[in-house]
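Let's walk through this structure together, starting with its ligand and moving on to a pair of packed helices.

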Amino acid sequence: MTLPRFKRILLKLSGEVLMGKSSFGIDPETVARVAGEIAAAKEAGHDLCLVVGGGNIFRGLAGVAQGIDRTTGDYMGMLATVMNALAVQAALEKIGVETRVQSAIPMASVCEPYIRRRAVRHMEKGRIVIFAAGTGNPFFTTDTASALRAAEMGCDALFKGTSVDGVYDADPKKVPTARRYDSLTFDRVLADNLKVMDASAVALCRDSDIPIVVFNIRGEHNLASVLEGKGRATIVSN
Ligand code: UDP
C-alpha cells in the first residue's frame, strides 16, 4: 500500500523505543540511531517535532504498585520523560541538529516551558522541538500529549514509532495468526479497542482529523521509507 506523504509530522518516541534491547533506561546506541534517522528526515525536507515517553524509566501505575499515590507516580513519570527528552536532544545536537526542549512542567534551569507560539517559531526556524513532561497533568499519557501537541502545532500526521510494523487484531508477538491492517478508521479502532494509542489520543486525532501512522521504528531507515510513502505501516484516519 502507498502511504500519503506528510510534510509536518509529530513523532512519538515511547520510552520502550529508547531503551533499545535493554529492559530499563536509555540505550545510547539506540538513541543515536534514532537521532540519525530524525536528522535524515529533516534533511529530506520534513518539519518534525517530537514527544518522548517515559515508560523506560518510570510509569505512574508502577508507582501505584509500590504504594505511591497515583498523582505523585504520574508526576514522577512526567519527570522521567524530561530525562529522555534531554537524552534525545543531546544525541541530535551531537550530529548538528538544532533543537529545543519544551516542558509542560516549567523547569527554568533545565529547558524552556511549553509555549505554543514559541514552539511554532522554533519550527519555522528549522529547529526540532522536543516536547517533554507529557500534558503536564496526571492521569494522562504521552500518547494523549502527542495528539494534543500534533493538533496545536498544526501537524499533518502523528507518527507513532513502535516495535511492530503496524496495528494487528491481536498481539503478533503472542498470536502468530494475528492479522495486520494497512489502514483503519478511528471509529473502528475505538469500537474494537485496537491497541494503537490510548482512547483519548485516538479521539483527539479523530476530532482534529490528524492521521496516525503506526510503524516499526526499530528497523533501520523505516522512518525514511514510511515518510517517502513506501514503508510498511498502518494508517489510521477518518
Ligand atoms: N504521564 C502523566 N501525564 C502525561 C504524560 C505522562 O501523568 O500527560 C506520566 C504517566 O505516569 C505515564 C508516565 O508519565 O505512565 C510515562 O509516560 P508514558 O507511559 O506515556 O510513556 P511511554 O509509554 O510512551 O514510554
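Predicted model: local features only at pLDDT ≥ 70, side-chain atom pairs only at ≥ 80, totals over all residues.

Residues are numbered from 1 along each chain as its sequence is written.

The UniProt annotation "domain: Aspartate/glutamate/uridylate kinase", from an unreviewed entry, covers residues 7–216; such annotations may be inferred rather than shown by experiment. Over residues 7–216 the chain is 41% helix and 20% strand, with the end C-alpha atoms 19 Å apart. Here helices (H or I, at least four residues) and strands (E, at least two) are DSSP runs, numbered from the N terminus.

Around the ligand sit 23 residues, the closest being G53, G55, G60, G77 and G134; a residue counts if its C-beta atom, placed from the backbone, lies within 6 Å. Which helix gives the largest share of this shell? It is α4, with 6 residues. At least two shell residues each come from α1 (15–18), α4 (70–94) and α6 (142–152). By class, the shell has 5 nonpolar, 14 polar and 4 charged residues. In this scheme Ala, Val, Leu, Ile, Met, Phe, Trp, Tyr, Cys and Pro are nonpolar, Asp, Glu, Lys and Arg charged, and the others, Gly among them, polar.

Helix α4 also packs against α2 (residues 28–43), at an angle of about 60 degrees and with the axes 9 Å apart. The axes are lines fitted to C-alpha atoms over the stretch in contact, and angles run from 0 to 180 degrees between N-to-C directions. That angle makes α2 oblique to α4, because angles under 35 degrees count as roughly parallel, over 145 as roughly antiparallel, 65 to 115 as roughly perpendicular and the rest as oblique. The contact joins V31, A32, A35, I38 and A39 of α2 to A87, V88, A91 and L92 of α4, where contact puts C-beta atoms, placed from the backbone, within 7 Å. These contact residues divide into 9 nonpolar, no polar and no charged.

Notes
Contact = placed C-beta atoms within 7 Å.
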